[in-house]
Amino acid sequence: MITLNDLKEQSKACTCGNKHIDVVIEKVVISQNALTETIIYLSEKKFQHVTVVADSTTYQVAGEKITSLLKESTIPHQVVVIQPNDQGDVVADEVSLIEAMLGIPQETDVVIAVGAGTIHDIARFSSYKMGKPFISVPTAPSVDGFNSMGAPVVIKGMKTTYQMQTPIALFADLSILQAAPKEMIAAGFGDMIGKYTSLADWRFSHLVNGEPYCPFSARLTREALKECENHVNEIAQGDRKGIRILIEALIQSGYAMLIVGHSSPASGGEHHVSHFWEMKFLQQQKPQVLHGAKVGVSSQVILDLYKKRFKELVASKQQLEALPAGKTDELLKVLENRDEILTVLASLPESSYIGDQLGKLGGAVKPLDLGIDEQLVIESVKNAHKIRSRYTMLKFWNEHTGTHQHA
Ligand SMILES: [Zn+2]
Ligand SMILES: [Zn+2]
């Protein structure tokens, strides 16, 4: 994993021409006793009042220990345990955001997010809106973005990512992460394996839609993805080495998003499909499934589209030219950049390969494993691009061909 110092230096020295966000993270600790180090950091920083944001599960696995350490060090503190909704899920929605903000007292000068993705989204959003810094204490290696700026939250049923703030420090305790449920570890791997299509979509968006692209950021994501792939067996075993590799990869993917100030390196068509499923589940009041579990599955759906019908379309100049006129600019760009787009597509793995990898971790492989039927898959592939303004091959496909049959 890239060190914080190297990240700061290389990001400053990057010649891609885009503005990079200043990395304000002061400390990243991945160790066996990271909770103790959290308290040392708080003391060094002379924080006068701390609020721990957790849910009932993450309070048990790490929050309790942190509060007892805070007591020992006589640091005044408060705990906010976010309550689940009627389906038993803690969701980063307007209700939870207000719940957190009501629970964080004015005198608090730092918020600690103790939990996985959702608790981080809630703590990141509420601390930022209250003008307070926050510290990240992940309790499971289940998702990337602990250390990026984006807070994906659901407001009135719509999932939207707001750029808020990075933590000022991150403390990942390996013994806690190792004890995380197997499906959360599989989900973390799923979120990483989805980067194949995220990166391909980012490149495509750059070529066709002029989106700023940073090779350094893309390299950070690609390296993190490769590390996970190369160590899939250790990660599946859940041993210390495997879990360290996974959390490092998730953090490095967070860095890649952080320096460019948006999630393009880590989120493409596969994430849009996953968000579509999530919103559908909320509408239908079905219990949520882990973000990374959805991404692992949706990335196979997207790969099937990209590597088959989309590739056939790009490979044929005639077929491209026969597309109905309309958004001609994009079409011209695709024609202009056909060779590179085909190279990008050729570098993507087959969906069955992703399925095999996820199978090794005992994670969900097919939509039905998540309770998602064929109907919803078709509907999501047809419509997922509408929930984000971001440009992807999925968006191009839907806007230009106007038809879709699930492969
Ligand atoms: Zn993700
Ligand atoms: Zn750059």
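## Basis of the values

The model is predicted, so local features need pLDDT of at least 70 and side-chain atom pairs count only at pLDDT 80 or more, whereas totals for chains, interfaces and linings use all residues. Residues are numbered from 1 along each chain as its sequence is written, chains are lettered from A and ligands numbered from 1 in the order in which they are written, and side-chain values use heavy atoms, with hydrogens and water left out.

## The sheet

Six strands form an open sheet in the order β1-β8-β5-β4-β2-β3, with parallel pairing. Strands here are DSSP runs of E of at least two residues, and helices are runs of H or I of at least four, both numbered from the N terminus; two strands pair if DSSP finds at least two bridges between them. β1 (27–31) and β3 stand at the edges with a single partner strand each, so one side of each is left without a neighbour in the sheet. Direction ignored, neighbouring strands are turned by 15 degrees against each other on average. Axes are lines fitted to C-alpha atoms, for helices over the stretch in contact, and angles run from 0 to 180 degrees between N-to-C directions.

Strand β2 (residues 50–55) is joined by six bridges to the parallel strand β3 (residues 77–82) and by four bridges to the parallel strand β4 (residues 110–115). V50 has H77 as its bridge partner in β3 and stands opposite V110 in β4.

## Helices against the sheet

Helix α2 (residues 34–44) packs on the sheet, touching β1, β2, β4, β5 (134–138) and β8 (169–173), and its direction makes about 155 degrees with that of β8. Helix α11 (residues 240–260) also packs on the sheet; α11 touches β1, β5 and β8, and its direction makes about 165 degrees with that of β1. Contact means heavy atoms within 4.5 Å.

## The α8–α13 pair

The axes of helix α8 (residues 195–209) and helix α13 (residues 291–315) come within 10 Å and cross at roughly 50 degrees. That makes α8 oblique to α13, as angles under 35 degrees count as roughly parallel, over 145 as roughly antiparallel, 65 to 115 as roughly perpendicular and the rest as oblique. T197, D201 and F204 in α8 meet S299, I302, L303, Y306 and F310 in α13.

## Contacts of E234

E234 lies in helix α10 (residues 232–237). Leaving aside neighbours within four places in sequence, E234 is in contact with D239, K241 and G242.
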